[in-house]
Amino acid sequence: MITKELPLRKCVSCGQMVPKNELLRVVKTSDGISVDITLKAQGRGAYVCKKKECVDNAIKKKAFNRSLRQAVSGEVLNQLYMELENGR
């Protein structure tokens, strides 16, 4: 039986390689920047661990701004914290 491995992605905060489904994704599309709940939206993405420390550190280091090559609004960051609290 063949087992399909999940793709690994690097957290913009801690730099760990983690399976994609264990991370939160912020994506830059033609519509703007948003939190990608499906992990399938088209566009440039930045991944972060589902830990408050990693999200805080990524914001402090401006890691999302660097990865997405654009400033991320406070509204998107608030949505990211909401997803973190919801445990998705």
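How many residues lie between strand 3 and strand 4 in their hairpin? There are two residues between them.

## About the model

This is a predicted model, in which local features need pLDDT of at least 70, side-chain atom pairs count only at pLDDT 80 or more, and totals for chains, interfaces and linings use all residues. Residues are numbered from 1 along each chain as its sequence is written, and side-chain values use heavy atoms, with hydrogens and water left out.

## The sheet

Let's start with the strands. Helices (H or I, at least four residues) and strands (E, at least two) are DSSP runs, numbered from the N terminus; two strands pair if DSSP finds at least two bridges between them. Three strands make an open sheet in the order 4-3-5, with antiparallel pairing. Strand 4 and strand 5 are its edge strands, each pairing on one side only. On average, neighbouring strands of this sheet are turned by 20 degrees against each other, direction ignored.

Strand 3 (residues 23-29) has five of its seven residues buried, where buried means under 20% relative accessible area, exposed over 50% and partly exposed in between (1.4 Å probe, protein chains only). Strand 3 is joined to strand 4 (residues 32-36) by five antiparallel bridges, and Thr29 stands opposite Gly32 in strand 4. With strand 5 (residues 44-49), strand 3 pairs in the antiparallel sense over six bridges; here Val27 faces Gly45.

Back on the strand 4 side, Val26 stands opposite Val35. Helix 3 packs on the sheet and touches strand 3, strand 4 and strand 5, contact being heavy atoms within 4.5 Å.

## Two packed helices

Helix 1 (residues 52-60) and helix 3 (residues 74-86) pack at about 170 degrees, with axes 11 Å apart. Axes are lines fitted to C-alpha atoms, for helices over the stretch in contact, and angles run from 0 to 180 degrees between N-to-C directions. That makes helix 1 roughly antiparallel to helix 3 (angles under 35 degrees count as roughly parallel, over 145 as roughly antiparallel, 65 to 115 as roughly perpendicular and the rest as oblique).

On the helix 1 side, Lys52, Val55, Asp56 and Ile59 meet Leu77, Leu80, Tyr81 and Leu84 of helix 3.

## The cysteines

The whole structure holds zero disulfides, a disulfide being a pair of cysteine sulfur atoms within 2.5 Å. For Cys14, the closest cysteine sulfur is that of Cys11, at 3.7 Å, which is too far for a bond. Cys14 is partly exposed, at 38% relative accessible area.

Cys49 is in no disulfide either, its nearest cysteine sulfur, in Cys11, being 3.6 Å away. Cys49 counts as buried, at 4% relative accessibility.
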